[in-house]
Amino acid sequence: MADILSLKESVLVYLDRSGGLQKLAEDCKTFNDPQQIEAVYRFCISVNPSDVIEVDPVLGDRVLHDPIGATALFQSVCFLAIKTLSLVEKIHTESQVNVILKLTHLPPFPEYTMDLCSFPRGYGPMRPVSMEGLVIAMTRVTKYTQGARFLCINDDCSCSTGFHYIRVHAPGATESATVRNNFTCMICSSPLKEDVKFRVLGDKQLVELIHIKALDVLSAHQQSSLRYQSVTLFLRDELCNSMRVGQLYRVLGIPAHVHQWPSITWSVEANSVQPWEPEYPHKVSASFQELLKATAGSPWRFSAIVAHCFGLDVAPPGTYNTLKLSLLLSLVQTRADVKDTYHNLDLLVVTTDTLILDRLMTYSLSFACRGVRHQASGEMFASLSRDEHGAGTANIHAGSALLATGGICMLGDLGCYKKDKLDAIQSVLESCTVAVFIPGKKYGEDADQQLSFPVHCSFWALADATDASRRSGRADCTLLGTAEMGPVPVQLADAFGLVIQCRDTVGEQALLAQTIHTLQQAVQPGKPLYPSCWEFSTQDYHKLVAHALTLQVELSAGAEKIIHGYYMASRRVRTQSQGVKISVASIKLLISLAEAHCKLCLRAQVQEEDAVIAVLLCENSVTLRHGASALVLPPDAVFPCDLGDVDGLHKRDKTLDELHQNILRFIYAYAPGADTYITEE
């Protein structure tokens with residue numbers, strides 16, 4: 001008894017020092033409404049385990065290893081404080097005080113961390129643990145019983161009135177454990193009956209959490225025999241709607257065994273939820289640092305060599321350079337941080353050789369912080385099922401796009417999709433949201449409901465132009481009209497924004513080079529096929545992309561003038577001559593491309609040269625869809641020549657400088673008011 005009193009004194013000291021008593025008094029004010037009479041009154045108390053241990057190590061041990069016992073101590077102290085200070089007159093017994101201890105953190109030791117990959121589960125102590133994972137499914141918010149009042153049916157018994165029998169929800173308890181009809185009075189053994197008007201309801205939501213490594217199975221790059229199992233989280237009251245499908249979270253919770261006859265399931269009662277971002281290595285490798293120093297004299301060369309040497313496991317150097325650069329730009333630009341800031345760069349590739357480009361895009365997918373390859377037979381956005389934990393409500397499962405939040409969702413060949421799927425993709429690309437319809441009758445609700453979920457990922461897709469070109473009989477000439485998009489409607493191509501056409505520019509030579517490359521890879525795997533002065537490993541590229549993702553860049557005045565001027569000039573020219581409306585989304589695409597090129601070059605400020613690359617990519621993309629404009633560019637404007645030697649790099653610099661001047665002349669000639677910020681010289 002003396003030990004219990006000592007612990008209660010420590011609880012009182014901690015509440016006084018931490019401001020808990022003052023918060024308790026403030027919370028009690030909301031319960032003083034005379035019209036509001038309930039069986040239990042819920043109080044959330046923030047508990048810092050480190051501070052508790054400083055006050056009393058025994059109490060700290062109780063908080064970390066016996067949460068139910070610690071809750072009982074705080075409940076007793078809070079009840080005494082409420083009665084002593086006359087904070088709530090309607091509270092008569094200690095059982096009416098429902099205390100929830102909210103832990104601020106746990107000690108950073110392995111004993112308090114649960115790896116969602118570890119098995120078996122459920123044999124350890126039922127105490128708070130920390131876990132990190134990805135939300136793959138969640139239910140709608142439903143009701144549960146926080147507390148209920150029971151009365152003895154024997155009128156002569158003293159328990160037929162008052163608040164002697166109070167049932168309160170405990171971690172791991174089902175609804176039938178809190179409220180049922182077979183309780184008996186401890187005094188006269190008569191049955192107890194619930195006083196329904198005193199029942200207190202709360203909100204409940206179920207969430208499925210899985211280890212982040214489970215996405216490796218969906219990337220289609222690393223084949224593994226491992227299978228991952230999700231964990232069911234119970235979110236209650238203020239924690240409801242604190243998690244979103246496809247996001248990463250760190251959860252403090254108490255594992256519990258949920259008894260659902262004839263089985264027992266293992267789940268976790270969430271105590272606190274925080275957004276979480278895994279840490280990636282951010283340091284650029286020595287090889288790329290040396291390259292950065294060697295190319296410091298040119299604003300174009302670093303990114304050119306990086307793209308030229310990228311993906312040599314799939315395609316020989318010098319092939320698909322524009323696509324490689326675009327993939328790298330999308331990789332370094334796509335992210336969604338804990339502040340809900342979202343950046344993306346969608347990419348549609350039109351080609352007659354889908355096999356090699358599919359391999360190249362799959363290879364690039366492994367460099368994304370989160371990459372998901374969608375299978376045409378799977379669910380792209382969201383699917384519904386009935387909750388298996390007794391509520392019977394709708395359980396919303398994340399599809400490929402939601403699982404790829406903050407990363408890349410690779411759609412593959414769009415020719416494999418039906419029209420309704422293509423329409424859904426276009427809608428999501430335009431609105432960045434997906435709507436999920438929930439029929440009420442099927443899932444136990446009175447009315448139908450439609451929920452919207454944000455889609456924060458970049459989409460990569462392929463379009464096979466072989467069949468379309470054969471049907472039309474048109475030559476492949478992007479300067480004289482629009483390119484063949486295969487099964488892709490122009491509206492869908494416009495929704496993607498950046499469209500890249502990979503053309504076979506050297507005919508049989510390119511086919512021969514690719515054939516030799518594939519055979520050498522099969523005969524001598526892992527051997528460097530193209531020895532040169534610059535050799536970069538796969539790990540070097542991983543570090544480069546991870547570092548570039550973290551860079552915060554800002555537009556310079558020169559870059560902003562080029563982007564704004566090109567947009568205004570292009571909008572004016574194409575509207576007048578072609579009747580094509582250039583949407584405001586084009587500005588977002590231009591800025592995104594310029595920022596991505598700046599990051600890839602490891603700079604902090606977007607220069608004019610970054611804006612020029614953005615304009616060249618964007619103008620070629622628009623030309624593919626709607627034909628050429630007054631700004632006439634070569635089909636491969638970003639890589640107009642071979643980069644096999646220093647002369648090639650020098651020639652490219654000279655060509656890009658000329659294109660830079662052509663863009664300025666185009667802006668000066670067609671953008672309204674351009675003469676105020678661009679000189680004729």
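Entry 1, cysteines. I began with Cys-598 and looked for a partner for its sulfur in this predicted model; the closest cysteine sulfur belongs to Cys-601 and lies 7.2 Å away, which is too far for a bond. A pair counts as a disulfide only when the two sulfur atoms are within 2.5 Å. I also looked up the accessibility of Cys-598, and I noted a relative accessible area of 0%, so the residue is buried.

I then applied the same cut-off throughout, and the count came to zero disulfides. Cys-409 is accordingly in no disulfide, and I found its nearest cysteine sulfur, that of Cys-457, at 5.2 Å. Cys-409 is buried as well, and its relative accessible area is 0%.

How do the axes of α19 and α20 cross, and within what distance do they come? I took α19 as residues 608-626 and α20 as residues 646-670, and I noted that their axes come within 10 Å and cross at roughly 80 degrees. Since angles of 65 to 115 degrees count as roughly perpendicular, I recorded α19 and α20 as roughly perpendicular to each other.

For the residues that meet, I listed Glu-608, Val-612, Ile-613, Val-615 and Leu-616 on the α19 side, and Arg-652, Leu-656, Leu-659, His-660 and Ile-663 on the α20 side. Sorted by class, the residues of this contact are seven nonpolar, one polar and two charged.

I next turned to α7, residues 286-294, and α8, residues 301-308, whose axes cross at roughly 140 degrees and come within 9 Å. On α7 the contact is made by Phe-288, Leu-291 and Leu-292, and on α8 by Phe-302, Ile-305 and Val-306. When I sorted the contact of α7 with α8 by class, I found six nonpolar residues, with no polar and no charged ones.

The protein has 681 residues, of which 51% count as buried. Finally, I looked at contacts between residues at least 6 apart in sequence, and I noted that 73% of them join residues at least 24 apart.

Definitions and conventions:
Residues numbered from 1 in each chain as written. Predicted model: local features only at pLDDT ≥ 70, side-chain atom pairs only at ≥ 80, totals over all residues. Heavy atoms only, no water. Axes fitted to C-alpha atoms, helices over the stretch in contact; angles between N-to-C directions. Helix = DSSP H or I, 4+ residues; strand = E, 2+ residues; numbered from the N terminus. Contact = heavy atoms within 4.5 Å. Nonpolar A, V, L, I, M, F, W, Y, C, P; charged D, E, K, R; others polar. Parallel < 35°, antiparallel > 145°, perpendicular 65-115°, else oblique. Buried < 20%, exposed > 50% of the residue type's maximum accessible area, 1.4 Å probe, protein only.
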